[in-house]
Amino acid sequence: MTLLKTKIEFLKGVGPQKAELLKTELGIYTFADLLMHFPFRYVDKTKFHLIKDIGPHSDGETVQLKGILRRMETITSGRTKRLVARFRDDTGMMELVWFKGANWLQKSLKVGMEYIVFGRVNNFKGKISIPHPEIELVANSNVKNALTLAPVYPSTDKLTNKGLDAKGQRKLMAVLMNKIEATDIPEILPDYILEKLKLPARYKALKDIHFPKNQLDLKQATNRLKFEELFFLQLRLLQIRQNRKSDLRGYAFTKIADKFLGFYNEKIPFELTGAQKRVIKEIRKDLGSGRQMNRLLQGDVGSGKTMVGLMAMLMALDNGHQAAMMAPTEILAQQHYASIQEYVDGLGIKVGFLSGSVKGKKRRLLLESLKEGEIDIVIGTHALLEDPVEFKNLGLAITDEQHRFGVKQRSKLWKKSRPYPPHILVMTATPIPRTLAMTLYGDLDVSTIDELPPGRKEVKTIHKYESGRMRVFGFMRQEIEKGRQVYVVYPLIEESATLDLKNLEEGFESISRDFPRPDYQISIVHGRMKPADKDFEMQRFVKGETQIMVATTVIEVGVNVPNASVMVIENTERFGLSQLHQLRGRVGRGAEQSYCILMTGDKLSKEGKHRVQTMCATNNGFEIADADLRLRGPGNIEGTQQSGTLNFRIADLAQDGKILQTARELAKRVIEDDPKFEKPIHERVRHYMEHYSKRVKGWSRIS
Ligand code: ADP
Ligand code: MG
């Protein structure tokens with residue numbers, strides 16, 4: 001134990017300068033920190049490639065070569081200087097290139113000597129080279145007993161300049177590993193878990209993660225360390241959740257009576273999907289439990305969340321309480337208001353509406369009747385959160401499209417009811433990958449609608465370059481002739497808002513030229529318009545008075561115009577995946593075949609291309625969320641930014657769903673069986689949690 005606490009400067013090969021860098025660049029202060037600094041990949045250095053086999057097709061591949069270093073020269077072009085070396089083996093010749101450290105390299109590399117070179121092949125317009133290769137004299141290297149798999153550690157420019165590139169770090173790690181013995185690394189998982197999952201001991205796993213002998217050892221080590229990381233996180237989250245649950249008493253809605261049954265037996269216009277039924281049951285169980293519900297309801301666009309929300313509200317009403325539903329925009333709130341009013345018509349339920357646009361006497365009356373309890377269900381915008389809004393007995397508050405509301409805003413709802421806070425249901429159409437939900441909302445309850453109502457036609461998604469614009473316009477014309485409507489959406493991102501607005505206006509003009517009046521009517525909606533104007537334009541489109549809606553992403557959320565069958569997205573490369581998916585969800589709501597056309601410039605980044613491909617390949621929001629997670633990492637997924645870090649040392653939520661599942665199940669069992677880790681079998685867990693919980697304090701603030 002004490003060995004691992006040794007300061008990093010006491011490791012052989014680490015001077016004060018390197019120690020300082022390790023601290024500032026990598027957060028490594030002690031032997032233990034270094035030990036926990038894992039490779040991010042491994043390279044197979046068991047074989048040598050032949051230069052003749054390397055060509056443009058090898059772009060991006062890592063290769064290891066053995067050969068003679070030939071001529072070196074420094075080439076200056078403009079302000080950049082690069083060192084180019086010829087390197088040859090028995091089969092051919094290729095170039096090695098360095099853009100940095102030329103002077104030093106030129107001095108230390110020896111022309112005519114035999115080297116081992118390792119790096120990633122780069123193909124620039126048919127010219128093949130290896131930029132910044134690792135290079136080592138054959139004489140110095142231990143080729144014979146070379147590692148099967150060499151660890152590669154994350155580095156930075158600063159580290160590289162001080163000899164702490166991947167190779168330098170590897171050397172340090174080897175020094176450290178030689179010092180460490182099994183007794184230095186005690187086990188932290190209970191034996192019964194190790195046995196059950198056949199996990200290697202911690203000591204072995206940590207040795208193997210750095211210097212695996214073979215793929216199998218590496219796999220087992222990785223597996224074990226991922227499990228360990230996820231297991232302790234889940235334990236912590238479940239602990240928080242348990243504490244919360246025992247703390248938060250809530251109203252018990254035990255009755256299912258005439259409102260719910262009247263609606264369900266007589267009024268409901270369609271058969272609920274299996275997923276809707278399951279989720280309603282989950283909610284019902286929560287509402288009846290006597291503890292406050294805090295549930296996230298996620299479901300793809302069009303999966304029928306509103307209906308689930310409505311049925312939950314009817315349960316509240318049956319138990320003598322009021323219910324509220326809050327939407328992020330006026331348009332959406334009004335749509336909910338209209339559809340819910342229609343649904344409950346004839347059931348003796350009073351539905352009210354409140355937003356910023358409800359003013360004067362109307363507002364006063366509404367506020368009064370909310371307070372008196374004359375209104376059963378109120379639908380509105382965040383105006384509902386304001387202080388003057390009081391309820392007689394709010395029992396359930398629903399917020400739709402969660403990512404638009406901050407956590408802080410939501411917590412305002414809690415104060416709207418006495419003696420208990422209302423039950424909270426948060427509905428989101430931005431599916432969070434299951435693995436992420438489990439962690440991010442690990443202390444919340446999550447319900448998922450993973451099924452669309454029957455009979456939906458998949459939206460066909462097509463990618464078009466700017467050069468194909470006239471064909472796209474032609475297609476729009478065809479659809480409009482069939483009586484359909486079309487959205488054309490432009491990105492509007494804060495920092496370049498002025499430019500974007502110009503884009504939008506130019507787009508509007510160009511469309512107006514190609515779709516002239518009086519044959520075509522066009523609406524335009526953007527965030528800078530006054531709410532009343534926005535609404536007016538929106539309504540014209542909803543009523544079918546205009547055929548084309550040119551808009552920014554203000555229409556992203558929730559708008560329902562079933563007759564719209566085409567969604568054209570401009571500058572697609574500037575949208576994130578989940579946003580694109582949301583936008584696409586605006587079409588395909590009616591019986592007609594719908595289309596989503598993704599317009600991009602000719603130049604697409606790799607990631608941009610990947611996003612477009614993903615969109616064309618699937619309509620499934622969860623698959624898209626998973627792809628998003630893989631592309632951008634957990635910290636960038638919409639709706640998670642406010643959650644603090646999701647930085648894992650080794651686990652990867654995009655890939656480790658299965659391990660996470662197992663970790664969660666076992667953690668659950670531990671919490672149920674021995675919540676305070678008092679049993680001898682959990683001695684190690686208790687010990688580690690006491691130390692570990694310091695590091696995950698932030699988690700308790702998530703909900
Ligand atoms: P979202 O989950 O995106 O909020 P909505 O609640 O707006 O979805 O529902 C989308 C459409 O599907 C609505 O027109 C709604 O009436 C309809 N719908 C919901 N549930 C069903 C069902 N079980 N069968 C058929 N149509 C349904
Ligand atoms: Mg909705």
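The legends below walk through several close-up views of a predicted model.

**View 1. A six-stranded open sheet with parallel pairing.**
Let's start with the strand order, which reads S17-S22-S21-S18-S20-S19. Strand S17 (460-465) and strand S19 (522-525) form the edges, each pairing on one side only. On average, neighbouring strands of this sheet are turned by 20 degrees against each other, direction ignored. At the S19 end, four bridges pair S19 with strand S20 (residues 548-551) in the parallel sense. To find this pairing on your screen, look for Ile-522, whose bridge partner in S20 is Ile-548. As background, strands of a sheet pair through backbone hydrogen bonds, in either a parallel or an antiparallel way.

**View 2. Helices H18 and H20 against the sheet.**

**View 3. Helix H19 packed with helix H20.**
For helix H19 (residues 577-584) and H20, the angle is about 35 degrees and the axes are 10 Å apart. The crossing of H19 past H20 is right-handed. Which residues meet here? From H19 come Leu-577, Leu-580, His-581 and Arg-584, and from H20 come Arg-611, Thr-614 and Met-615. The residues of this contact of H19 with H20 divide into three nonpolar, two polar and two charged.

**View 4. Aromatic pairs, with Tyr-251 and Tyr-420 as one example.**
A search of the whole structure turns up 11 aromatic pairs. The ring centres of Tyr-251 and Tyr-420 are 5.3 Å apart and their planes stand at 65 degrees, so this pair is edge-to-face. The pair links distant parts of the chain, 169 residues apart. Tyr-251 sits in the loop between helix H8 (215-247) and helix H9 (258-267), while Tyr-420 sits in the loop between helix H14 (407-414) and strand S15 (423-428). Are the two residues buried or exposed? Tyr-251 is buried, with a relative accessible area of 9%, whereas Tyr-420 is partly exposed at 24%.

**View 5. Phe-475 and Tyr-595, an edge-to-face pair.**
Here the ring centres are 4.9 Å apart and the planes stand at 85 degrees, so the pair of Phe-475 and Tyr-595 is edge-to-face. Phe-475 belongs to helix H16 (residues 469-481) and Tyr-595 to strand S22, so the pair ties together parts that are 120 residues apart in sequence. Tyr-595 counts as buried, at 16% relative accessibility. Elsewhere, ring pairs link Phe-227, Phe-231, Phe-232 and Tyr-688 into a cluster.

**View 6. Strand S15, covered on both faces.**
How many residues of S15 are buried? Six of its six are, and the strand is mostly covered. On one side you will find His-423, Leu-425 and Met-427, and on the other Ile-424, Val-426 and Thr-428. In general, side chains of a regular strand alternate between the two faces of the sheet. Strand S10 (residues 294-299) pairs with S15 in the parallel sense over five bridges, and Gln-298 has Thr-428 of S15 as its bridge partner. Strand S14 (residues 394-400) is also joined to S15 by five bridges and runs parallel to S15. There, Leu-396 has His-423 of S15 as its bridge partner.

Most residues other than glycine have a negative phi, and most peptide bonds are trans. Now look at the bond from Arg-418 to Pro-419, which is cis with omega near -5 degrees. His-132 has a positive phi, near 45 degrees.

How values were computed: Residues numbered from 1 in each chain as written. Chains lettered and ligands numbered in written order. Predicted model: local features only at pLDDT ≥ 70, side-chain atom pairs only at ≥ 80, totals over all residues. Heavy atoms only, no water. Pairing = 2+ DSSP bridges. Helix = DSSP H or I, 4+ residues; strand = E, 2+ residues; numbered from the N terminus. Axes fitted to C-alpha atoms, helices over the stretch in contact; angles between N-to-C directions. Contact = heavy atoms within 4.5 Å. Left-handed = near helix turned anticlockwise from the far one by under 90°. Nonpolar A, V, L, I, M, F, W, Y, C, P; charged D, E, K, R; others polar. Phe/Tyr/Trp six-rings, centres within 6.5 Å; stacked < 30°, edge-to-face > 60°. Buried < 20%, exposed > 50% of the residue type's maximum accessible area, 1.4 Å probe, protein only.
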